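Subject: The structure we talked about

Hi,

Here is the structure I promised to pass on. Have a look at it first, and then read my notes below.

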Amino acid sequence: MMSADKLVKIVTEKLSGLADEIRYVESAGIIVRVKPVNLREAAHIVHDDIDAYFRTMMAVDERPLNNTFAAYYVFGRDQEGVNIIIETHADPLTPVLPTIADIVPAADWYELEAWDLLGIRFKDRKLHRFVLPDDWPEGLYPLRKDVEYTARPSPRITYKPPLQGPRLPVGPYHPALHEPEYFELFVEGERVVDVEYNGFHVHRGIEKLAESLRFTYQKVPFLAERICGICGFVHSVAYTLSVENAAKIEVPERAQYIRSIVLEVERLHSHLLWLGVACHLLGYDAGFMHSWRIREKVMVLAELLTGSRKTYGINLVGGVRKDINTYKITAINNTLAWLRSEFTKLADLVTSVPQIVRRARGTGILPRDEARKLSVVGPVARASGLDRDVRRDYPYCAYKDVSFKVPVYTEGDNLARVLVRVDEIFEAMNIIEQLLDQLPGGPIMAEEIEVPEGLIGVGNVEAPRGEDIHVIITGRGRPYRWRVRAPTYQNIPALRIMLHDAPLADAPLTIASIDPCFSCTDRIVVIDLKTGRREKLKAPSIPGGCGCKIWV
Amino acid sequence: MGLKKLFKPFKLISVARHSGVVTVLYPYQKPLITAEFRGKISIDASKCMGCGACANTCPPNALILSRRDNTIILNYFIGRCIFCGRCAEVCPVGAITVTHEFELASMSTRDLNESLVHQVEKCSGCGGGLGATRRMLQYVILHSPTAENYVHLCPNCRKKRFINALVMKMGARTENVES
């Protein structure tokens, strides 16, 4: 690849003084290994000079491999579609790394999570409980390899000081999204001055589970699909892509097309769902009803294509399990024709209703430079003038064979986010039609699937909510480390800016405007915070993701 | 123009009239499922041979194969099932089929468990238990006919017979080997 070579040259030029080793791995990107002392400077150069977005960070307990704790900071250059990964290793006994959260604000959460789950201390910053519940015992880091998946420590009950000052709790259930989240809005009269997010109530330990002996490479796609109840298929595709990239498995063309078609069907139903919820939040229930009436046809179509309305379960490493025949192609075309005429009417209607337009315009503004700093993704980024879309920038599956527009708005308000999604629904329909026109023949499953150990792979998918990225280190029979980063994880920190100095009444819509998916963002053990009681996964305590278990 | 824009929201009336009622009186009318729908699985007891291929691939461990004394038990717990149908794909004898059944709610977990008990074959040499059912042995013989000679023996007896045959070939007397 030309662009990759050029970027390798730039990176070598700028970082050769700091790096111990620079290598280009096709499955992941340019891996730059630095010593912890040089990490800050390297991150500064990659983030600001090379102008790469921060995508994800994977902390790994590599003590069984090379007796260190490793951290992989994944940056991405959208122009070339190549990742720059800064790799650094910390001491096995007292792992300490310098913080980069002041240079790369988007890395804030990742550092807290690495501290919580792996016990990697970050110098010169405040560390606190983030993912794990408050009564989790000190000094027990669940993602370390010496902690078994079956370990169930007894909780440590502590006293929590009462809240101070005027605060307004919103949650633990979102007024519209039925999901466990907890926002503390600090208010002055009717205006919001600050926001504190308290999440991870439904962290299910999925990453740890996939590393446990119960799982194999071919079982994880079904687990990955259950990360989210709305855009589950993107997670299973991202996982399979990361494994296939790492192990260089050739996936048949037809399977890639089928994956892309199903991904776009999923985008259709997800955006229609969101549009309905947004209408409902603004008190326009007629729009909500009609949006969901249209969505129902998409759900039936998804069932016809995959066998299930949700959690399609057709993905495996190496290909897909269900083929598309002529009967299904006719059904897709019929549904799309109907959908296009119905949705055109609805979109026209929704964007003309004064109570929606006037409430959405100018509220929840996320300026472009703040969006860039936080490396936000998906419709949130595109509504703030950042022209980024994984489907175009880091092509995967069959997206290299289709042409589509990436809608970008510069206003950065709630209305822009509505319009981005409305445009994307039309684009998704175009993409499906193009894919069906050029659907190649052949098998749908790779013949030989063998995954060697110790390889790194990155898989990314443009989910309805934004970029979903999985990083994997392969192990024997199952992933050694599997890092999931759902789009909402990147977008929630932006809420602080969107809600700042906004009227309280706009807060629910603004929170919903990033289309948050809390179950995606949360992934360890369920503990009842009040009683300290540990519970197994039960339906009422674990909504299927996006809180829409009830609705799907 | 301004007036047209003002009255645009009222187009909803025509949309609503056009679409009519779309909901279904579900328990009384037929649910809207397509031919491709995956519901609970059904295991054909007359075909299953208890090999456990399904239990090995089952992602949520809804199918569990366990051995108790002289039986091999295949247990299917619907409560854990995610209706992916992987078991039906990997079953070597096609004993598992995916049905359209999905109304599975029950007051008792007993209704959600299905067990299939297989008798374990006895070793024709020493009479001890083999690790396989009769159908598994038949399956092996069907796919590699030469296996008929040793398939009914347990690993220990097989070892003995092999050493015997080897030593006999080399010309030694059997008594030495037996001791």
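The strands themselves (E, at least two residues) and the helices (H or I, at least four residues) are DSSP runs, numbered from the N terminus. By that rule, strand E5 (residues 113-122) of chain B pairs with E6(B) in the antiparallel sense, over 2 bridges.

Please keep in mind that this is a predicted model, in which local features need pLDDT of at least 70 and side-chain atom pairs count only at pLDDT 80 or more, while totals for chains, interfaces and linings use all residues. Residues are numbered from 1 along each chain as its sequence is written, and chains are lettered from A and ligands numbered from 1 in the order in which they are written.

The sheet in chain B

E5(B) and E6(B) belong to an open sheet of 4 strands with the order E2-E3-E5-E6 and antiparallel pairing. Which strands stand at the edges? They are E2 (63-68) and E6 (129-133) of chain B; each has a single partner strand, so one side of each is left without a neighbour in the sheet. On average, neighbouring strands here are turned by 30° against each other, direction ignored. For this and the other angles, axes are lines fitted to C-alpha atoms (for helices over the stretch in contact), and angles run from 0 to 180 degrees between N-to-C directions.

Helix H5 (residues 134-143) of chain B lies across E5 and E6 of chain B, at about 70° to E6(B).

The sheet in chain A

Chain A has an open sheet of 3 strands, in the order E13-E14-E15, again with antiparallel pairing. Strands E13 (456-463) and E15 (479-485) of chain A are at the edges with a single partner strand each, so one side of each has no neighbour in the sheet. The twist averages 15° from one strand to the next. Helix H7 (residues 232-247) of chain A packs on this sheet and touches E13, E14 and E15 of chain A; its direction makes about 150° with that of E13(A). Strand E14 (residues 466-474) of chain A is joined to E15(A) by 6 bridges, and A:Ile469 stands opposite A:Arg485 in E15(A).

Two domains in chain A

Chain A is divided into domain 1 (2-123) and domain 2 (206-521), with bounds that come from an automatic or database domain assignment. Their C-alpha centres lie 27 Å apart. How many residues does each domain give to the contact? Domain 1 gives 19 and domain 2 gives 22, where two residues are in contact if their C-beta atoms, placed from the backbone, lie within 7 Å.

On the domain 1 side, the largest share, 6 residues, comes from E3(A). By class, that side has 11 nonpolar, 5 polar and 3 charged residues. Here Ala, Val, Leu, Ile, Met, Phe, Trp, Tyr, Cys and Pro count as nonpolar, Asp, Glu, Lys and Arg as charged, and the others, Gly among them, as polar.

A residue is buried if 20 or more other C-beta atoms (placed from the backbone) lie within 10 Å of its own, exposed if 12 or fewer, and partly exposed in between. In strand E3 (residues 53-61) of chain A, 9 of the 9 residues are buried, so the strand is largely enclosed by the rest of the structure. E3(A) pairs with strand E4 (residues 69-77) of chain A in the antiparallel sense over 8 bridges, and A:Tyr53 has A:Gly76 as its bridge partner in E4(A).

Some positive phi values

Most residues other than glycine have a negative phi. A:Asp124 has a positive phi near 60°. With 9 C-beta neighbours inside 10 Å, A:Asp124 counts as exposed.

Where the chains meet

Finally, the contact between the chains takes 19 residues from chain B and 17 residues from chain A. On the chain B side, helix H2 (residues 11-19) of chain B makes the largest share, with 4 residues. That side divides into 11 nonpolar, 3 polar and 5 charged residues.

Technical notes. Pairing = 2+ DSSP bridges.
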